[in-house]
Amino acid sequence: MHFFDRAYEGVPPWDIGRPQPEFVRLCERGEIVGRVLDVGCGTGENAIHFAANGHPTWGIDFAPKAIRRAQAKVAGRDLAITFRVGDALHLQALGERFDTITDCGLFHTLSDAERPIYASSVRSALRAGGRLFVLCFSNEEPADWGGPRRVTREELRSAFRDGWKVRSIDPARFAVKDPGTEGKAWRARADRLEV
Ligand SMILES: C[S@@+](CC[C@H](N)C(=O)[O-])C[C@H]1O[C@@H](n2cnc3c(N)ncnc32)[C@H](O)[C@@H]1O
């Protein structure tokens, strides 16, 4: 069984039972616009937050257990939300276009070889001018405790060089379950160029 699906047999450390505060703030500031796709949505807290704030939202994840849990959370709720098992590296298969794509903790799981595939896949699911927000672990977070791969600003710029305009890469935080033990992150915004 795949690492991630096995992780969802229990409650994985990143699954904090509420939306990540960085995405809540983006939503409050009006930076999440139109139809939203949350890639690597896990059990759906961020996607549910966007839908509850009026954005028709899709959440995809390749871990079936995560998607089943996300679907159970919204059963019977009057939300414009769709959860599907899907691969962030093959979003063309969705046949959908979104105004905003959010990535909370997926990008930093990718290998070097997967990054260009991801960038082109995400691009295919964004309308021209649409925006991608990535929250990923930062190289400023000490690596001594393990955890996900650390990402540098330069790596983010390089991943979204062709066909994108990187609008911002700002220091941010990953909230975790235990208060006071947040992780250092980058919050990046890249807009899909018209070409
Ligand atoms: C660190 S978890 C974050 C989950 C969720 N965004 C959250 O904040 O709770 C990364 C997620 O990305 C998913 N994932 C990793 N690679 C993926 C891929 N290629 N396609 C779809 N989902 C993927 C994993 O199954 C996992 O749920």
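This report describes the sheet, the helices and the ligand surroundings of one predicted model.

**The sheet**

Seven strands form an open sheet with mixed pairing, in the order β3-β2-β1-β4-β5-β7-β6. Strands β3 (81–85) and β6 (164–174) stand at the edges; each has a single partner strand, so one side of each is left without a neighbour in the sheet. On average, and with direction ignored, neighbouring strands of this sheet are turned by 15° against each other.

Within this order, strand β5 (residues 126–137) pairs with strand β7 (residues 183–192) in the antiparallel sense, over 7 bridges. Residue R131 stands opposite D191 in β7.

**Helices on the sheet**

| Helix | Strands met | Angle |

**A pair of helices**

Two packed helices are described by the angle between their axes and the distance between the axes. The axes of helix α2 (residues 21–28) and helix α3 (residues 45–52) come within 10 Å and cross at roughly 15°. Because angles under 35 degrees count as roughly parallel, α2 is roughly parallel to α3. The crossing of α2 and α3 is right-handed. On the α2 side, the contact is made by F23, V24 and C27, and on the α3 side by N46, H49 and F50. By class, the contact of α2 with α3 has 4 nonpolar and 2 polar residues, and no charged ones.

**Around the ligand**

There are 19 residues around the ligand, of which F4, G40, G42, A88 and G105 come nearest. By class, the residues of this shell divide into 10 nonpolar, 6 polar and 3 charged.

Technical notes. Residues numbered from 1 in each chain as written. Predicted model: local features only at pLDDT ≥ 70, side-chain atom pairs only at ≥ 80, totals over all residues. Near = placed C-beta within 6 Å. Nonpolar A, V, L, I, M, F, W, Y, C, P; charged D, E, K, R; others polar. Axes fitted to C-alpha atoms, helices over the stretch in contact; angles between N-to-C directions. Helix = DSSP H or I, 4+ residues; strand = E, 2+ residues; numbered from the N terminus. Parallel < 35°, antiparallel > 145°, perpendicular 65-115°, else oblique. Left-handed = near helix turned anticlockwise from the far one by under 90°. Contact = placed C-beta atoms within 7 Å. Pairing = 2+ DSSP bridges.
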